[in-house]
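Dear colleague,

I am passing on the structure we spoke about, with some notes to read alongside. Please look through it before going on to the comments below.

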Amino acid sequence: MALLQISEPGQSANPHEHRLAAGIDLGTTNSLVATVRSGKAEPLPDEQGRILLPSVVHYRPDGPPEVGHDALEGATTDPLNTIASVKRFMGRGLEDVRSLGSRLPYEFVETDSAVPRFHTAGGDVSPVEVSAEILKVLRQRAEASLGGELTGVVITVPAYFDDAQRQATKDAARLAGLNVLRLLNEPTAAAVAYGLDKSAEGVIAVYDLGGGTFDISILRLNQGVFEVMATAGDSALGGDDFDRAIAEWIMQQAGIADDAGHHQLRRLMRDARAAKEALTEAERVPLKVELEDGSHWEGELDRETFHRLIDPLIQKTLIPSRRALRDAGVTPEEITAVVMVGGSTRVPRVRERVGEFFGQEPLVDINPDTVVAVGAAIQADILVGNKPDDEMLLLDVIPLSLGLETMGGLVEKIIPRNTTIPVARAQDFTTFKDGQTAMTIHVVQGERELVSDNRSLGRFTLRGIPPMVAGAARIRVTFQVDADGLLSVTAREETTGVQAGIEIKPSYGLTDAEIETMLRDSIEHAEDDVAARKLLEQQVEADRVLEALAVALVQDRDLLSEEERQRIDRAAAHLQAARDGTDHLAIKQALADLDAAAAGFVAKRMDSSIRKALAGHTIEEFADEQESN
Amino acid sequence: MAITLTDTAAERVKAFLENRGKGVGLRLGVKTTGCSGMAYVLEFADEVAEEDQVFESNGVKIIVDPKSLLYLDGTELDYGKEGLNEGFRFNNPNVKDTCGCGESFTV
């Protein structure tokens with residue numbers, strides 16, 4: 001006998017047509033899934049009643065990877081094969097990963113691909129694949145709890161996630177067999193979970209300090225509608241950093257060298273976290289650390305020292321908070337509610353400092369670990385159509401400006417940050433050189449002026465611009481961002497009405513395997529690509545010349561002697577053959593040869609056309625015309 | 001003629017109604033659909049129509065339209081768990097046969 005849930009009036013589904021939806025908080029430290037059942041949004045526990053799934057995957061030489069609590073054990077015993085905090089690597093390149101620090105206890109595969117891969121006993125895996133393992137477990141939990149296949153999910157991402165990171169998250173979901181209804185900014189989801197849409201108008205600050213990311217969002221609530229006025233944050237700051245600060249303090253106190261083994265570092269991090277959590281209640285915690293030589297160091301961490309260690313980190317959250325307020329154009333006094341999200345907001349010192357900053361007591365009554373997933377579940381429930389009508393319209397913003405590269409490596413911003421989405425913006429550009437037939441559009445994201453300082457999202461070339469003088473062509477470039485915050489860029493040549501449009505997807509808009517292949521190909525075939533481009537350009541030129549010649553021969557064949565005509569025909573045939581080949585240098589040579597062979601013909605044509613123009617006229621007429629001009 | 005709720009079911013319905021913040025009770029019904037001909041309707045009720053029958057069981061109002069009542073009379077609504085899954089279950093004495101999934105039935 002099937003188990004039924006209570007529907008909204010008139011929304012009962014037919015048998016086998018239940019629209020099952022879930023919200024997933026794919027966190028740096030922990031992940032969880034929530035759903036709406038009989039109108040109530042709640043996180044779903046596993047068989048042991050645990051709601052949080054540690055975002056940890058342990059790869060083994062035999063058998064499938066362990067995920068969550070089972071994998072946590074591996075973090076201490078088998079650190080190299082246990083991937084934690086994988087969210088930090090989502091959509092990042094090798095360069096980014098290296099800048100994340102040298103203390104990462106993982107081995108990265110030396111590949112020529114730009115996507116980092118972890119080397120594990122279970123094979124080499126990408127961050128997208130690791131995340132997919134976590135999502136698979138949550139999917140199984142949700143489907144077992146709901147008694148059927150999920151129609152769709154809403155997955156939350158930090159407001160700071162750029163396009164590549166969002167797309168990587170979507171790819172992970174697809175790998176896990178999930179249909180993503182929408183990606184939702186975490187702070188926005190939290191505000192939804194708090195049901196703030198049901199309260200009066202106001203300006204809400206959402207302070208989200210998780211294990212690995214910090215986000216501050218300023219939301220405006222207007223007649224039940226949320227508008228994200230501004231977001232700021234730090235994608236590499238969280239409770240993990242508190243743990244690290246404590247671990248480093250312990251290392252200092254206990255005289256543990258900086259080059260301690262992975263094993264030791266992991267254990268220290270675990271001890272540090274336990275100490276941090278204990279300090280929420282206790283004034284001081286005893287510490288006992290096993291050293292490499294088997295002896296023990298014993299010490300104590302009190303609140304005062306703990307505060308001294310984390311105060312600089314909390315301060316780092318207040319700087320973006322101030323920036324977000326400025327971007328939103330509001331003062332702390334105008335904030336009507338401060339919502340605390342993320343496990344790290346359990347630290348009393350954090351609540352204290354945030355309260356001081358905003359001049360009011362922050363809201364802490366909903367479990368800060370689950371609010372985001374609950375908000376996502378509510379949104380998912382609406383999106384699959386379990387509500388009579390859309391009760392809530394969420395407006396989101398672009399976290400980082402989007403633009404393109406112009407001459408000199410400068411960025412032209414097309415969509416400034418904090419623009420609400422979905423949005424489409426167009427701007428006209430023109431050619432730089434006479435007869436320019438192609439234009440490369442390099443899409444970048446970020447706030448800096450120089451392209452090299454921003455994040456490159458992708459590039460594409462618009463070809464087939466009709467040759468004309470520099471500045472005459474009108475190239476309309478359109479940036480479009482959909483409700484998920486994903487970007488598409490198109491370019492169109494407008495002056496002549498010739499349609500030439502290209503659409504790009506961010507590099508992560510492909511399956512993981514496709515991206516890998518593409519990246520590897522692009523590096524392996526870089527030289528081929530250059531050659532192909534040269535060939536194409538020469539072929540375009542050859543076609544242009546051959547066509548012009550054919551027209552000229554039809555018009556002025558009689559100007560040529562038999563011998564001249566044969567020489568030109570031979571050179572043209574030679575060029576045609578070269579054009580159909582693959583050697584761009586041969587085409588270039590054939591073009592030069594034809595140029596030489598036809599030089600006499602061109603001169604005669606010029607003479608002839610002048611004579612034709614003058615025929616039947618007297619010099620006087622031209623003189624008159626000149627006078628009258 | 002009666003429809004009842006078990007204690008567990010009544011408790012859950014009350015909690016869900018409270019969470020929802022509005023509604024006069026629980027509407028039970030059947031509609032002609034599904035692989036075995038009939039399917040249950042289980043909805044929050046915001047209003048009671050003139051022809052509706054209203055029962056009260058364990059402090060919860062149960063609202064049924066007269067046509068559905070023919071197929072539901074004597075039903076007891078229960079709430080239970082199957083593994084991780086949980087939800088409402090119709091114990092309906094009128095049912096002769098259900099489809100494999102139990103979501104639709106014949107009388």
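The notes below take up the interface, then the salt bridges, then the cavities.

This is a predicted model, in which local features need pLDDT of at least 70 and side-chain atom pairs count only at pLDDT 80 or more, while totals for chains, interfaces and linings use all residues. Residues are numbered from 1 along each chain as its sequence is written, chains are lettered from A and ligands numbered from 1 in the order in which they are written, and side-chain values use heavy atoms, with hydrogens and water left out.

In the interface, 29 residues of chain A are in contact with 31 residues of chain B, contact being heavy atoms within 4.5 Å. The two chains, A and B, bury about 2700 Å² between them, with 57% of it on carbon and sulfur atoms; buried area is the accessible area (1.4 Å probe) that two parts lose on being put together, summed over both.

Across this interface there is one salt bridge, a term that stands for a side-chain nitrogen of Lys or Arg within 4 Å of a carboxyl oxygen of Asp or Glu. Glu8(A) pairs in a salt bridge with Arg20(B), and their closest N and O atoms are 2.8 Å apart. On the side of chain A that touches chain B, helix H3 (residues 127–146) of chain A gives the most, with four residues; helices here are DSSP runs (H or I, at least four residues), numbered from the N terminus.

Over all chains, the whole structure has 34 salt bridges. Within chain A, Lys136(A) and Glu133(A) join their side chains in a salt bridge at 3.5 Å, N to O, and because these two residues are three apart in helix H3 of chain A, about one helical turn separates Lys136(A) from Glu133(A).

Finally, there are six cavities of 30 Å³ or more, where a cavity is a set of points on a 1 Å grid over the protein atoms alone at which a 1.4 Å probe fits but cannot get out, and lining residues have an atom within 4 Å of a point. The second largest cavity holds about 60 Å³ of space, and its lining includes Arg88(A), Phe161(A) and Ser235(A).

With best wishes

How values were computed: 1 Å grid on protein atoms, 1.4 Å probe; cavity = no way out; pocket = protein on both sides within 12 Å on 5 of 7 lines; lining within 4 Å. Points joined across faces, edges and corners; volume = space filled by probe spheres on them.
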